[in-house]
Amino acid sequence: MIIDFKTNFSYKCPSCFEFCTQGISVFDIPWKRHLTIKCKCNLSSVKIFLKGSSYVIKAPCFICMQTHTYRIPKNKFWSSDILIKECLQSSLDVCALGDEINTQRWISDYSEILKFMLEDDFE
Ligand SMILES: [Zn+2]
Ligand SMILES: [Zn+2]
């Protein structure tokens, strides 16, 4: 299997509640340095760095407002169609990693789910 060292990362910002998406390549995550993905609102950010043979993602959670840490093996990080990481408290999605089509699909599907959940709260 040929691995294309490019992927897309998306998370729901806890400050402005928008989805923040960024394309990343292997060169964006230099050895011993962080990649910081900042939301357009500038109030939240995600950090990704390499640790051993895994990437570590530190993402702010819009549900419980804590920062979750996810460890993803190198090959999975670059080769997954879609990889969704959940909040450890609520098991709702926090962020996703994958190709452009699947990342966009996650955003639109998840937006719908969240809309329904919020509407339920008002009933
Ligand atoms: Zn934001
Ligand atoms: Zn959480």
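## Two hairpins around strand 5

In this predicted model, strand 4 and strand 5 make a hairpin with two residues between them. Gly 52 sits in that turn and has a positive phi of about 65°. The two strands, residues 45-51 and 54-60, pair in the antiparallel sense over five bridges.

Strand 6 covers residues 67-73, and its antiparallel pairing with strand 5 runs over seven bridges. Ser 54 stands opposite Pro 73 of strand 6.

Strand 3 is joined to strand 4 by four bridges, and the two run antiparallel. Ile 37 has Val 46 as its bridge partner in strand 4, and Val 46 will come up again in the core.

## The 2-1-8-7 sheet

Another open sheet of four strands has the order 2-1-8-7, and its pairing is antiparallel as well. Strand 2 (19-25) and strand 7 (82-86) are the edge strands, pairing on one side only. The twist in this sheet averages 15° from one strand to the next.

Between strand 7 and strand 8 there are five bridges in the antiparallel sense. Within this pairing, Ile 84 stands opposite Ala 96 of strand 8.

In soluble globular proteins, nonpolar side chains tend to be buried together. In this model, the largest nonpolar core has 19 residues, and those with the most contacts inside it are Tyr 11, Val 46, Ala 59 and Cys 95. Two or more residues each come from strand 1 (6-12), strand 4, strand 5 and strand 8 (93-98). Strand 8 gives the largest share, four residues.

Which residues does Ala 59 touch, leaving aside those up to four places away in sequence? Its contacts are Tyr 11, Val 46, Thr 67, His 68, Val 94 and Cys 95. Among them, Tyr 11, Val 46 and Cys 95 are also listed with Ala 59 as having the most contacts inside the core.

Key: Residues numbered from 1 in each chain as written. Chains lettered and ligands numbered in written order. Predicted model: local features only at pLDDT ≥ 70, side-chain atom pairs only at ≥ 80, totals over all residues. Core = buried A, V, L, I, M, F, W, Y, C linked by C-beta atoms within 7 Å. Buried ≥ 20, exposed ≤ 12 C-beta atoms within 10 Å, placed from the backbone. Contact = placed C-beta atoms within 7 Å. Pairing = 2+ DSSP bridges. Axes fitted to C-alpha atoms, helices over the stretch in contact; angles between N-to-C directions.
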